[in-house]
Amino acid sequence: MAETLTLGIDFGTSAVKAVALDAEGGVHALASAAYQTAKPAPDRAEQDPQDWWRALGEVARAVMAAIGTARIGAIGLSGQLNGIVLVDKAGAVLRPSLIWLDQRCAEETAELEKRHAGRLAKTASSPISPIAVLPKLQWLARHEPETLRRTARVFQVKDYILWRLTGAVATEANEASATLLMDLGRRAWVDDLVDLAGLAPAQLPPIRPSAAVAGHVHDAAARATGLPAGVPVVPGSGDTGALAVGCGAYEVGIAAVTLGTAGHVVAAVPNRGPGAVNGLWRMAHVSADRELWLGLIPAGGLSIAWLRNLASGFGGTATGFEALERLLAAAPAGSAGATFLPFLEGAGTPWNDPRRLAGLANLNVTHGAAELVRAIYEGVAFNVRACLDAFEASGVGLSRIHLAEGGASSPAWCQIIADALDREVHVVAERDTSAVGAAILARAAIEEADLAAIVARSVRIERVHRPEPAHRVAMDAAWRRFCRHAGGAVE
């Protein structure tokens, strides 16, 4: 009998990634396909939903060709949070999607902070940010009212894909809780906040369980994508909930750090009463008995991509990751005093200031390429530490740190993070953790085992990095410099 796999599909900021997983967490196939982000102005970031659909077809056909006689028992979805897709009554997309990186709604965000901070603290319990759907919709209502008038449904990224695949209209609580439109305690849309966004509740998808089947791949979608017709599809989770599951941060006490385009620091927390906490985003986890708290570094891996592009622009050789690893090895811990603030897309946790700018400080003529490269890696690592400190200052005990995604591919960066945190970091074997988490949620839909047991057997640790005692003094001094330059009470 053919083995039954589950397929996790994650629509990230720059690419869709798919992974076929067996019941023990073994990976049978991987595929990815990129798409572009349009930047019509410095504060704008848009994507074409048709590009997601095209990329889905690429990865689906690659996975199906690779798995041979195995069959797909269920599909789970994951996607970048806070990407808006407006669809009319005929099912046509009305404009490019404003993705989470779009910051055009600064004025609307400021108005929300001034007029509705107390209301949002009692419902969403998260920082008011231009990342979120609510101020984005307010911008659209103000600047593109005709588009919003023609809108029949408002989807987010993976929920749009769910609808295209199955015809089902649904979201789940992790995705919904990031919008500022959902009551975190009740896990339900808030009518007056939906009205504030310029919508009616019927335009938003119903909130369904993450691991319950929402629909099945219909014949037209199967022909378009190469996925088998009739396969059940679960809503899965926004990328934060899915990566938490894929990293093992479903169990309380485990924090997961992922360094893709953005950096995410997540941990499961028992449900609490309303209120914001230390610049952290409070979200629904994939199960109703716990929350997911998020510390955000908007330019985590993006800081390294920026560095590589900068080096290429100067005609340098340090554009490949191997060359960067060599430079990291040549630089001293603490970067000889150089300090980098990784705020290329604004400052996330704990500052929550989209207007903050990145910077290199403490430079002198003795600093060379190696010190500058290490300073950039250390700057992101220290922002991770600031996030973890915010968790612990809020009473969240963290017994173990898991590290995954692109940054985990760099042994030097993993060691820098262990040194910056002064604690062990456990590197997760599979890098595409949001796709893995989506596949695990799909497995939960077709198995009788509980989700905790499936996560425990599916998430594998590849290696452990321990802090280097010889680096302690230099890294402590570098952390204090970082805090002084970053500002705020994070020391």
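Two strands are counted as paired if DSSP finds at least two bridges between them. Strands (E, at least two residues) and helices (H or I, at least four residues) are DSSP runs, numbered from the N terminus.

Colleagues, with those terms in place I turn to the protein. The structure is a predicted model, in which local features need pLDDT of at least 70 and side-chain atom pairs count only at pLDDT 80 or more, while totals for chains, interfaces and linings use all residues. Residues are numbered from 1 along each chain as its sequence is written, and side-chain values use heavy atoms, with hydrogens and water left out.

I begin with the open sheet. Six strands lie in the order β3-β2-β1-β5-β14-β13, with mixed pairing. β3 (27–34) and β13 (215–216) stand at the edges with a single partner strand each, so one side of each is left without a neighbour in the sheet. The partner of β3 here is β2 (residues 15–21): the two run antiparallel and are joined by seven bridges. Within this pair, Val 19 stands opposite Leu 30 of β3.

How many of the residues of β15 (residues 254–259) are buried? Six of six are buried, where buried means under 20% relative accessible area, exposed over 50% and partly exposed in between, with a 1.4 Å probe and protein chains only. In a regular strand the side chains alternate between the two faces of the sheet. In β15, Ile 254, Ala 256 and Thr 258 point one way, Ala 255, Val 257 and Leu 259 point the other way, and all are buried.

β15 has a parallel pairing with β21 (residues 400–404), over five bridges, and there Ile 254 stands opposite Arg 400. With β16 (residues 263–270), β15 pairs in the antiparallel sense, also by five bridges; Val 257 stands opposite Val 265 of β16. These two strands, β15 and β16, form a hairpin with three residues between them.

Finally, the whole protein. It has 16 helices and 23 strands. Its radius of gyration is 22 Å, close to the 23 Å that the globule rule gives for 491 residues, so the protein is as compact as a globular protein of that length. The radius is taken over C-alpha atoms, and the rule is 2.2 Å times the number of residues to the power 0.38. Along the principal axes, the C-alpha atoms fill a box of roughly 65 × 60 × 45 Å. Buried residues make up 60% of the 491.
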